[in-house]
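Work through the exercises below with the sequence and the model open. Each task is followed by a solution in steps.

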Amino acid sequence: MSLVLYAFAASLLAAAAPAAAGELPRPTGKVILTVTGQITRTNAPGRAEFDVAMLEALGVEELRTATAWTEGRPLFVGPRGQALLEAVGARGERLKAKAINDYLVTIPAEDFRRYPVLLALKIDGEYLRVRDKGPIWVVYPRDQHPELATAQMNQRWIWQLKELAVE
């Protein structure tokens with residue numbers, strides 16, 4: 001192998017080292033979600049931080065569903081919760097979800113695997129603002145799964161989500 005080719009191959013391996021070590025890219029915008037706990041991929045000491053662009057890079061989906069807090073059937077857009085769990089290498093069975101106002105709820109990780117639960121960033125084409133339950137609202141597909149339209153499930157629809165601890 002020529003010296004130039006060897007140097008090029010070595011530089012490619014060095015560039016890939018952080019990803020192989022379980023690191024995520026670092027956010028370039030304002031951090032809106034922090035994930036901690038039983039995760040294998042991070043981008044900050046002991047945690048994974050996400051800005052809007054990073055969450056959207058997980059792949060966004062649309063979900064039209066009724067809620068207990070809105071009229072009609074708004075269109076929600078955001079990444080699936082399962083995509084986030086996969087991105088951070090989540091290994092736990094529970095998610096302790098915390099809102100900006102310190103509201104805390106436990107969500108079984110199974111919810112994100114079983115249903116297409118969204119981490120909604122938009123409603124009806126507009127980014128969610130804090131006063132609109134944003135920047136992230138956990139949204140369940142209750143129209144598609146009637147078993148999700150219960151008071152117990154409504155407690156898991158945490159809005160103004162800022163932290164997830166995987167346990």
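## Exercise 1: Salt bridges

K162 and D102 form a salt bridge, with their closest N and O atoms 3.9 Å apart. The term stands for a side-chain nitrogen of Lys or Arg within 4 Å of a carboxyl oxygen of Asp or Glu. The model is a predicted one: local features need pLDDT of at least 70, side-chain atom pairs count only at pLDDT 80 or more, and totals for chains, interfaces and linings use all residues. Residues are numbered from 1 along each chain as its sequence is written, and side-chain values use heavy atoms, with hydrogens and water left out.

Task: state which parts of the chain K162 and D102 tie together.

Solution. 
1. Helices (H or I, at least four residues) and strands (E, at least two) are DSSP runs, numbered from the N terminus.
2. K162 has a relative accessible area of 26% and is partly exposed. On this scale buried means under 20% relative accessible area, exposed over 50%, and partly exposed in between (1.4 Å probe, protein chains only).

Task: find the N to O distance for R156 and D111, and say where each residue sits.

Solution. 
1. The side chains of R156 and D111 meet in a salt bridge at 2.8 Å, N to O.
2. This pair links distant parts of the chain, 45 residues apart: R156 is in the loop between α5 (151-154) and β11, and D111 is in helix α4 (residues 109-114).
3. R156 is buried, with a relative accessible area of 12%. D111 is also classed as buried, at 7% relative accessibility.

Task: describe the salt bridge of D132 and the accessibility of its two residues.

Solution. 
1. D132 pairs with R129, and their closest N and O atoms are 2.7 Å apart.
2. D132 counts as partly exposed at 27% relative accessibility, and R129 counts as partly exposed at 43%.
3. For the whole structure, the count comes to 10 salt bridges. E93, E110 and R113 are linked in a network of them.

## Exercise 2: Strand pairing

Solution. 
1. L33 stands opposite F50 in β2.
2. The bridge partner of T34 in β11 is E163.
3. Two strands pair if DSSP finds at least two bridges between them.

Task: which strands stand at the edges of the open sheet of 4 strands?

Solution. 
1. The order in this sheet is β3-β4-β8-β9, with antiparallel pairing.
2. β3 (61-64) and β9 (126-127) stand at the edges with a single partner strand each, so one side of each is left without a neighbour in the sheet.
3. β3 is joined to strand β4 (residues 75-78) by 4 antiparallel bridges, and E61 stands opposite G78 in β4.

## Exercise 3: Aromatic rings

Task: classify the ring pair of F76 and W137.

Solution. 
1. Rings of Phe, Tyr and Trp (its six-membered ring) pair if their centres lie within 6.5 Å; planes under 30 degrees apart count as stacked, over 60 as edge-to-face and the rest as tilted. A search of the whole structure finds 7 aromatic pairs.
2. F76 and W137 are 5.3 Å apart, centre to centre, with 90 degrees between the planes, and the pair is edge-to-face.
3. F76 is in strand β4 and W137 in strand β10 (residues 137-139), 61 residues apart. F76 and W137 are buried.
4. W69, F76, W137, Y140, W157 and W159 form one aromatic cluster.
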